[in-house]
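The questions below go through one protein chain from its overall make-up down to single residues. Each answer ends on the value or name asked for.

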Amino acid sequence: MKRLAALFLLLAANAAQAHEIRQLGAHVHGQATVDLALDQGALQFSLQAPGIGILDFERPPATAAERASVARATALLKSGSWITLPTAAHCRLVRSEASADGFDAAASAPAAGQHRHAGFSASLEYRCANPAALRALVMRLPTLFPGLHEVIVNSATGSGQGRSVLNAANLRVVLAQ
C-alpha cells in the first residue's frame, strides 16, 4: 500500500503542478487529464477536466436544465461508468468522489476581459482480486462528453509508467507490464 501511495503522490504532484500552471493562464478547452496508479490490487484514478469539455458552458447554470446537466455530469463521473475494466481482473469500486467547481453563483466573477474557468474533478478507487489481468482498460470520456477531444492518461504501475492520449477513435489505455 505504501508503494501505491508513493505512485499516486508522484502522479498527483505532477497533476498539481500542471493544475497550477493551467490556473495562471487559460486551461486547455477540450482536454482532460487522468492520473492512474496501480499497486498490487489497488487501482486509483484522478480526473481533472475543464467545464467546457464536459458541458458546453463554464459559468453558473442559468436554467434548471443547465443545473441538471451539471448534476448529471458529476454523478456520471462519480459512478465510474466511464471506465471499463477487464472482467477477469474482478475489480470493485470502493471509493468515489466527484465535484464541479466554479459553476456556483457565489464563485468570484472574472476580471474584465478574462474568462471564468470552471471544471470537474473525480477520484475513484477500485480493489482488484486479479490485478495481473489489468493489461488494458477502456476510458469512454471522449464519447460520453464530445467536448473532450483529448484525454491524457498518465499511468504508473509496479512495472513502469506510461502515457496514453485518448480521443473518440481511441479509448484504450495499455498499462506497463
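Contact means heavy atoms within 4.5 Å. This is a predicted model, in which local features need pLDDT of at least 70 and side-chain atom pairs count only at pLDDT 80 or more, while totals for chains, interfaces and linings use all residues. Residues are numbered from 1 along each chain as its sequence is written, and side-chain values use heavy atoms, with hydrogens and water left out.

Q: Among contacts in the protein chain between residues at least 6 apart in sequence, what percentage join residues at least 24 apart?
A: The count takes in contacts in the protein chain between residues at least 6 apart in sequence. Within that set, the share joining residues at least 24 apart is 69%.

Q: What is the mean pLDDT of the protein chain, and which stretch falls below 50?
A: pLDDT is the predictor's confidence in each residue, from 0 to 100. The chain has a mean of 85, and 77% of its residues reach 70 or more. Where pLDDT is low, the predicted coordinates should not be read in detail. The pLDDT is below 50 over residues 7–26.

Q: How many helices and strands are there in the protein chain, and what pattern do they follow?
A: Helices (H or I, at least four residues) and strands (E, at least two) are DSSP runs, numbered from the N terminus. The protein chain has four helices and nine strands. Read along the sequence, the pattern is α-β-β-α-α-β-β-β-β-α-β-β-β.

Q: Which strands stand at the edges of the open sheet of six strands?
A: Two strands pair if DSSP finds at least two bridges between them. The sheet has mixed pairing and the order S4-S5-S2-S1-S7-S8. One side of each edge strand is left without a neighbour in the sheet, because each has a single partner strand; these are S4 (91–101) and S8 (160–166).

Q: How many bridges join S2 to S5, and what is the bridge partner of Gln44 in S5?
A: Strands of a sheet pair through backbone hydrogen bonds, either parallel or antiparallel. S2 and S5 pair in the antiparallel sense over nine bridges. In S5, Gln44 has as its bridge partner Glu125.

Q: Which residue in the turn between S1 and S2 has a positive phi?
A: S1 and S2 run antiparallel and are joined by seven bridges, one of the pairs being Thr33 with Gln48 in S2. The two strands form a hairpin with two residues between them. The turn residue with a positive phi, about 55°, is Gln40.

Q: How many of the nine residues of S2 are buried?
A: Buried means under 20% relative accessible area, exposed over 50%, and partly exposed in between, with a 1.4 Å probe and protein chains only. Of the 177 residues of the protein chain, 42% count as buried. S2 is largely enclosed by the rest of the structure, because the number of its residues that are buried is eight.

Q: Is Ser164 buried or exposed?
A: Ser164 is found in strand S8. Not counting residues up to four places away in sequence, Ser164 touches Val151, Ile152, Val153, Val173 and Val174. With a relative accessible area of 13%, Ser164 is buried.

Q: What distance separates the C-alpha atoms of Asp56 and Gly147?
A: Asp56 lies in the loop between helix H2 (51–54) and H3, and at 66% relative accessibility it counts as exposed. Asp56 and Gly147 are 91 residues apart along the chain. Their C-alpha atoms are separated by 7.4 Å.
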